[in-house]
Amino acid sequence: MSKRKLSRQQRWRIDKIQAERAARAARKDEQDSEKLAAGEYGPEQPGRVTAHFGRTLDVRPEAGGQAVRCHLRANLEGLVTGDRVIWRGRQDPAGHTVEGVVVARGERDSVLERPDARGQLKPVAANIDQILIVFAVEPAPHANLIDRYLVAAEATGIAPVLVLNKIDLLPETGGELRDLLARYEALGYPVVSTTTEREDGLSALHARLAGRTSVFVGQSGVGKSSLIDRLLPDEELRIGALSKDSRKGTHTTTTARLYALPAAAGGELIDSPGIREFGLVHLDEQQVAEGFIEFRDHLGRCRFRDCRHRHEPGCALLEAVERGEIDPERFASYRRIVDSLAQG
Ligand SMILES: Nc1nc2c(ncn2[C@@H]2O[C@H](COP(=O)(O)OP(=O)(O)OP(=O)(O)O)[C@@H](O)[C@H]2O)c(=O)[nH]1
Ligand SMILES: [Zn+2]
């Protein structure tokens, strides 16, 4: 980034704005302390962040019920959708919780990050149990594309699940796609087939989502929106209402949102346009190799510590391919991804 020189005038203005902002936050925090001390807020209770807008966020009580608009104590930073928190609610005279204050953040099991405008990784959602990688009979996926998504998912430590959508378009025999999927099932990845064109087309997916927090990712046109619309029929209106809000300029950023699935078995979905684009992140060569799960047993066993698994003698990966322990197509796919890194 080019270094921009700020005039003294600009510098002064920025300092002034920042000072005002800090003073405002301190004032708010002081008011909170007074209210907390005066017992205006109820007891501490667990909750989960369902949306966030800067220092304001929506928290759904663990005990159930509607999300409550909350703000953060001054010492808390960087909360994202999906975070577990401890918060306290304030009730109006009628006994409705009207607002709240978040006092602590819970431990995170996992976090999904995205590069911001400056290319710096920023958390966008937390406590996700599985990444559903959606692909479809049409447009047909390349094996390499699936591998790219799997590698990106493995790098987050969150379990990937492959979702094959539009199976209504599948030819009788199943064809190449079935063989492709068998390869991933053999590696231990769960594969779920879906179609939005049949009444019961989502039953296997429902079973997968139950009791877990999931995100959907995948290429354009594979049917993510269609699947999510079917899973959250009641949310459609809410999403519509929200986008009307943002047109008025209330919330200009598109935050990730956490939705409870209406299905009896429960489960949660976190969704945002940014999350759907997941998979286009930059990884290094080591992360790519580790993202191929069947390589893991062989990594670190090459003769040369800095082996790049190309033509080096004593390369444990090449030997595993030779012995048939690693699928040559997966190895070729690994190569292609590493080569594309060099170009990017
Ligand atoms: N035949 C068939 N078509 C489907 C199915 N699911 C979705 N479609 C169609 O596929 C097209 C793309 O679906 P979308 O839900 O917009 O796909 P998307 O992944 O959200 O795409 P982006 O918004 O571009 O990321 C639409 O015309 C859908 O009607 C399915 O199960 N079977
Ligand atoms: Zn090697």
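Seven bridges connect strand β4 (residues 84–91) with β5, and the two strands run antiparallel. In this description strands are DSSP runs of E with at least two residues, helices are runs of H or I with at least four, and both are numbered from the N terminus; two strands pair if DSSP finds at least two bridges between them. The structure is a predicted model, in which local features need pLDDT of at least 70 and side-chain atom pairs count only at pLDDT 80 or more, while totals for chains, interfaces and linings use all residues. Residues are numbered from 1 along each chain as its sequence is written, and chains are lettered from A and ligands numbered from 1 in the order in which they are written.

A second hairpin is formed by β6 and β7, with five residues between them. Five bridges join β6 (residues 111–115) to β7 (residues 121–126), and the strands run antiparallel. Arginine 114 stands opposite lysine 122 of β7. In the turn, glycine 119 has a positive phi of about 85°.

Six strands form an open sheet in the order β10-β9-β8-β11-β13-β12, again with mixed pairing. Its edge strands are β10 (191–193) and β12 (257–260), each of which pairs on one side only. The twist averages 30° from one strand to the next. Strands β11 and β13 run parallel and are joined by two bridges; threonine 213 has glutamate 268 of β13 as its bridge partner.

The buried residues of helix α5 (residues 224–231) are Lys224, Leu227 and Leu231, where a residue is buried if 20 or more other C-beta atoms lie within 10 Å of its own, exposed if 12 or fewer, and partly exposed in between, with C-beta atoms placed from the backbone. These residues lie on the same side of α5 because they cover an arc of only 70° around the axis; the arc is that of the directions from the helix axis to the C-beta atoms. They pack against β8 (130–136), β9 (159–165), β11 (213–217), β13 (268–271) and α7 (273–276). Contact requires C-beta atoms, placed from the backbone, within 7 Å of each other.

Asparagine 127, in the loop between β7 and β8, has a positive phi of about 60° although it is not a glycine. Asparagine 127 counts as buried because 23 other C-beta atoms lie within 10 Å. The peptide bond from glutamate 138 to proline 139 is cis, with omega near -10°, and proline 139 lies in the loop between β8 and α2. The loop between α8 and α9 holds histidine 309, a non-glycine residue with a positive phi of about 55°. Histidine 309 is buried, with 21 other C-beta atoms within 10 Å. Phenylalanine 295 is placed in the loop between α8 (285–291) and α9 (316–322) and counts as buried, with 20 C-beta neighbours inside 10 Å. Not counting residues up to four places away in sequence, phenylalanine 295 touches Ala289, Leu317 and Ile326.

The domain assignment, which is automatic or from a database, gives domain 1 (15–105), domain 2 (121–276) and domain 3 (285–343). Ten residues of domain 2 are in contact with 13 residues of domain 3. On the side of domain 2 that touches domain 3, helix α2 (residues 143–156) supplies the largest share, eight residues.

Overall, the chain has ten helices and 13 strands. Of its 344 residues, 28% count as buried. Among contacts with a separation of 6 or more, 63% are between residues 24 or more positions apart.

How values were computed: Two residues are in contact if their C-beta atoms, placed from the backbone, lie within 7 Å. Axes are lines fitted to C-alpha atoms, for helices over the stretch in contact, and angles run from 0 to 180 degrees between N-to-C directions.
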